Amino acid sequence: FYIEQSDLLNKLGSGIKTVEFITRLDANIIMFLEAKTGCPNPLNKSKDEESKAKFIAFYDDIAEKFQDSLQIYTAGVLERYEANDEIGVNLKKIKPLRNKEIYFVLVITADEILEDWLVGPKLELEERLRKIMKIWKVKVIVLNTTLAKQFGILS
């Protein structure tokens with residue numbers, strides 16, 4: 001479900017942020033994916049006021065995209081909208097929800113990002129998404145291009 005470019009999002013109006021897309025990886029995994037070409041280094045968040053502001057804005061924006069996307073998706077599955085065919089049969093027919101895993105996945109496509117470095121962005125997102133992770137049992141994953149290709153997320 002390409003939520004970012006959907007008619008459903010357009011009908012909801014401005015002020016709502018979404019991830020790139022939502023997909024089912026298999027019968028039990030629902031993935032919300034956001035891709036970025038770069039990512040602020042958590043070690044630089046206290047460097048100066050401008051760096052701190054950019055850092056906070058970046059991570060708050062990503063967290064908001066995940067949260068808004070989950071709400072739109074859930075409202076669509078619960079048929080709160082008249083026309084929700086864009087969501088797709090595979091994503092709508094997921095009941096029961098009890099055994100489904102939900103992943104918020106951020107892929108950072110910059111080539112120089114090393115696996116060890118990804119821990120910092122993951123912790124920043126988890127801090128901002130703590131409540132939603134607790135309520136929905138969401139797992140947060142941050143990948144670089146190499147890992148995303150290994151997991152079959154990018155080709």
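Reader: Is strand β2 (residues 29-36) largely enclosed by the rest of the structure or exposed, and why?

Author: First, the ground rules. This is a predicted model, where local features need pLDDT of at least 70, side-chain atom pairs count only at pLDDT 80 or more, and totals for chains, interfaces and linings use all residues. Residues are numbered from 1 along each chain as its sequence is written, and side-chain values use heavy atoms, leaving out hydrogens and water. Next, the terms. Buried means under 20% relative accessible area, exposed means over 50%, and partly exposed is in between, with a 1.4 Å probe and protein chains only. Strands (E, at least two residues) and helices (H or I, at least four) are DSSP runs, numbered from the N terminus. Now the case. In β2, six of the eight residues are buried, so the strand is largely enclosed by the rest of the structure.

Reader: Which strands pair with β2, and in what sense?

Author: Two strands pair if DSSP finds at least two bridges between them. Strand β1 (residues 21-26) pairs with β2 in the antiparallel sense, over five bridges. Within that pairing, F21 stands opposite L33 of β2. The two strands make a hairpin, with two residues between them. β2 and β3 run parallel and are joined by eight bridges. There, M31 has Y103 of β3 as its bridge partner.

Reader: How do I read an aromatic pair?

Author: Two values describe a pair of aromatic rings: the distance of the centres and the angle of the planes. Rings of Phe, Tyr and Trp (its six-membered ring) pair if their centres lie within 6.5 Å; planes under 30 degrees apart are stacked, over 60 edge-to-face, and the rest tilted. By this rule there are six aromatic pairs. One of them is F55 with Y59, a tilted pair at 4.7 Å centre to centre and 55° between the planes.

Reader: How are F55 and Y59 placed in helix α2?

Author: They are four residues apart, which means a separation of about one helical turn. Both F55 and Y59 are buried. Y59 also pairs with F58: the ring centres are 5.1 Å apart and the planes at 85°, so this pair is edge-to-face. F58 is buried too.

Reader: Which residues form an aromatic cluster?

Author: F32, F66, Y73 and F104 form one.

Reader: Last, the largest pocket. How is empty space found?

Author: A probe the size of a water molecule is rolled over the atoms, which shows where empty space is left. A pocket is an open set of points on a 1 Å grid over the protein atoms alone, where a 1.4 Å probe fits, with protein on both sides within 12 Å along at least five of seven lines; lining residues have an atom within 4 Å of a point. Here, the largest pocket holds about 260 Å³ of space. It is lined by 16 residues, and L97, R98, K100, I102 and W136 are the closest to its centre. α2 gives the largest share of the lining, four residues.

Notes
Points joined across faces, edges and corners; volume = space filled by probe spheres on them.
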